[in-house]
Amino acid sequence: MDTIELLKRLTKPRGVSGNEKPAAEAAAELLSEYCGETSRDNMGNLLGIVRGTNPDKRIMLEAHLDQVGFIVTEILEGGFLKFAAVGGVDARILPGLKVKIFGKREIFGVVDAPDEPPEKTSEIKDMRIFTGYEEEELKKIVRIGDHIAYDYELTELLDGNLCSGAMDNRAGMAVMLSALKRLKGKNLAADIYTMFSTQEEVGLRGSRTGAFAVRPDLAIVVDVTHGTTVDSEKDPGVFDLGSGAVILRGPSVDYDKSLELIEVAENNNIPYKIEAAGGASGTTAWAIQIAGGGVPTLLISIPLRYMHTNVEVLKTADVEAAAALTAAAVEYFSKAWEAK
Amino acid sequence: MSGVNFEFMKKLSEAFGVSGRENEVRDLIKNEIEPYCESVTTDGLGNLIAEKGGEGERLLLTAAMDEPGFIITNIKEGGGAFLDFAAVGAVKPHTVISESVTVGDKKLPGIISLKAVHLTTKEEREKPPALKDLFIDIGADSKAAAEAAVTLGDYAAFKSRYVELGDNRVSGKAIARSACCAVLAALIKDAADRPLTCVFTAQKQTGVRGARLSFGENFKEAVIIDTLEDERAKLGDGVSVPRIVGETCVDADVAERLEAAAESAGKLCCFAKKNSVSDIEGISVSGGGIRCAELDIPMRNKNTASEIADKRDISAAYETLKKYIKDA
């Protein structure tokens with residue numbers, strides 16, 4: 001399966017934070033190819049294990065499974081729904097946007113678009129979704145608390161760039177699956193625990209308990225970082241699509257190991273850029289690092305434009321670079337744990 | 001089978017029809033109606049004119065076939081190449097962010113966007129962006145790659161999935177013009193045997209330009225099929241016969257008969273004044289002047305990527321006009 005096909009399969013099912021099941025099921029099918037059985041824990045984290053030769057050492061490959069979306073808060077007369085955001089959403093994109101509502105069955109809705117541009121961006125609490133159903137019929141399908149996700153499908157743009165919702169962070173999951181494929185049959189020392197964690201978008205929640213349970217000796221996290229656009233060119237911490245794997249340095253990751261990761265990229269001719277963060281990386285690396293007795297953690301990122309929208313854009317080659325680097329890093333760090 | 005062909009309406013909705021580049025929509029309509037017409041011609045601006053013979057005085061019926069969209073004005077570089085664009089027609093800037101588009105005759109996929117919310121200041125987030133703050137991303141890594149794919153002046157249209165909303169409503173791009181054209185096409189097939197000139201107009205969006213051309217002389221009267229957006233209108237309650245459209249006063253006699261036809265179908269909802277303009281502005285004063293009225297299908301989210309209409313209202317427009325033509 002090539003990267004595009006893999007991303008198609010991962011992005012298609014929705015998995016808004018707290019309701020990741022459809023996304024988890026699709027991912028479990030792909031993960032089981034490398035891990036045999038997969039499992040889900042109390043928080044819904046999806047876990048698959050590839051056993052190594054040294055039962056004392058564990059590397060955890062972690063990417064979050066959930067995506068931003070919305071939740072139904074009220075069912076109104078005339079087939080309208082009030083809603084709230086799940087995760088960080090840009091209210092400016094919403095007027096006129098088509099969405100999918102996950103009630104007893106899946107239905108479409110469209111966010112009301114005022115005729116005139118408002119002077120100030122409308123707040124989500126003041127917006128409504130029109131479903132086309134009468135109130136009575138709607139109440140048979142939708143309940144308060146049902147999830148709402150963007151409507152999108154993966155589209156190929158020019159120059160190997162792809163557009164889809166939920167690239168954040170199905171792209172990270174694609175990296176892990178691709179890395180496992182690269183590592184297949186390598187007979188490494190460390191056990192590889194692959195974890196696709198839940199509820200990252202609402203406060204790095206799944207990874208925190210997941211990492212506690214796995215107690216890894218090393219965690220490699222893959223997530224997205226901001227991709228450059230013409231209006232963010234001068235902003236710090238944005239990376240052109242095509243930068244390759246972005247390696248984080250800073251307190252969110254292990255100081256020495258992140259330098260070693262840069263060396264691994266150099267030695268394997270994997271394109272990379274370095275990102276520096278003075279504190280929280282805004283990723284699960286921040287939570288995993290302080291799980292249990294503490295976990296040496298690394299973060300590899302993929303540049304992504306328009307994060308948290310229905311039209312996130314990334315470059316296939318960057319996903320592949322991150323996968324190559326993840327696989328090379330697993331091999332490199334596992335080597336130290338081979339039986340003498 | 002008679003009545004509005006909703007499959008055809010869907011096809012129209014999915015076709016590219018931005019003002020000034022209506023050829024795809026025009027061809028679809030031409031294929032649909034040609035077997036039922038004595039002649040189908042395209043005039044100098046791109047209006048599609050269908051003539052039907054029969055007994056009695058000739059009626060003029062019109063529906064606009066263009067939709068709002070965009071035109072590429074510049075290619076700029078910065079972490080890739082991005083397209084500046086301007087509006088073609090009644091685009092609502094506050095509804096276009098994060099919508100998908102197709103660019104040019106090659107229908108290159110792209111999206112309208114701006115930098116991620118995480119990178120904005122509170123001030124930037126609170127002010128709805130203007131079109132000049134947005135750009136189209138076609139995924140070009142360099143200006144050269146963008147230039148190879150796009151020529152300045154290429155048009156872009158919304159790309160939006162046509163979906164059913166509930167049992168009767170539909171949503172997609174260009175639903176307004178697609179509904180009006182589908183009604184007119186159905187009338188050409190089914191209406192009573194009398195002389196009809198049916199015009200599918202070009203460039204309504206850019207200032208009622210197609211409808212200012214002459215479509216002949218000696219029409220008894222004309223009806224313009226259009227849409228309206230009014231917060232008070234409930235989709236499914238029927239069609240409206242306005243008395244004032246923009247600054248045009250409709251012909252009271254034609255309007256009354258049109259109203260009577262809608263009423264007999266039990267499908268009249270009344271909004272006396274419609275604020276937006278329509279082809280009536282041109283048709284009513286074309287040549288020596290034509291007595292005109294308008295029939296409006298209520299809409300939601302008009303001129304956005306996901307316009308919404310009710311199939312019952314679209315059918316009501318068809319039924320109303322069928323009766324009106326028979327009695328006129």
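Modeller: The bounds of domains come from an automatic or database domain assignment. For chain B, that assignment gives domain 1 (6–67 + 173–327) and domain 2 (69–159). Please note that this is a predicted model, in which local features need pLDDT of at least 70 and side-chain atom pairs count only at pLDDT 80 or more, while totals for chains, interfaces and linings use all residues. Residues are numbered from 1 along each chain as its sequence is written, and chains are lettered from A and ligands numbered from 1 in the order in which they are written.

Biologist: What distance separates the centres of domain 1 of chain B and domain 2 of chain B, and how many residues of each are in contact?

Modeller: Taken over C-alpha atoms, the centres of these domains of chain B are separated by 31 Å. Two residues are in contact if their C-beta atoms, placed from the backbone, lie within 7 Å. In chain B, 12 residues of domain 1 are in contact with 13 residues of domain 2. The side of domain 1 of chain B that touches domain 2 of chain B has three nonpolar, six polar and three charged residues. Here Ala, Val, Leu, Ile, Met, Phe, Trp, Tyr, Cys and Pro count as nonpolar, Asp, Glu, Lys and Arg as charged, and the others, Gly among them, as polar.

Biologist: How many residues of chain B are in contact with chain A?

Modeller: There are 49 residues of chain B in contact with 47 residues of chain A. The largest share of the side of chain B that touches chain A, three residues, comes from β7(B). By class, this side of chain B holds 20 nonpolar, 16 polar and 13 charged residues.

Biologist: How are helices and strands defined, and which residues are buried in helix α2 of chain B?

Modeller: Helices (H or I, at least four residues) and strands (E, at least two) are DSSP runs, numbered from the N terminus. A residue is buried if 20 or more other C-beta atoms lie within 10 Å of its own, exposed if 12 or fewer, and partly exposed in between, with C-beta atoms placed from the backbone. In α2 (residues 23–33) of chain B, the buried residues are B:Val25, B:Arg26, B:Leu28, B:Ile29 and B:Ile33. Seen down the axis of α2(B), these fall within an arc of 160°, so they line one face of the helix; the arc is that of the directions from the helix axis to the C-beta atoms. They pack against elements of chain B including α1 (6–14), β1 (39–42) and α5 (175–190).

Biologist: Where is B:Ala174 found, and is B:Ala174 buried or exposed?

Modeller: B:Ala174 is found in the loop between β11 and α5 of chain B. Because B:Ala174 has 28 C-beta neighbours inside 10 Å, it counts as buried. Its phi is positive, about 55°, although B:Ala174 is not a glycine.

Biologist: How should I read a sheet?

Modeller: Strands of a sheet pair through backbone hydrogen bonds, either parallel or antiparallel. Two strands pair if DSSP finds at least two bridges between them. In chain B, three strands form an open sheet in the order β15-β14-β16, with mixed pairing. β15 (248–249) and β16 (273–274) of chain B stand at the edges with a single partner strand each, so one side of each is left without a neighbour in the sheet. Strand β14 (residues 244–245) of chain B is joined to β15(B) by two bridges, and the two run antiparallel. B:Val245 stands opposite B:Thr248 in β15(B).
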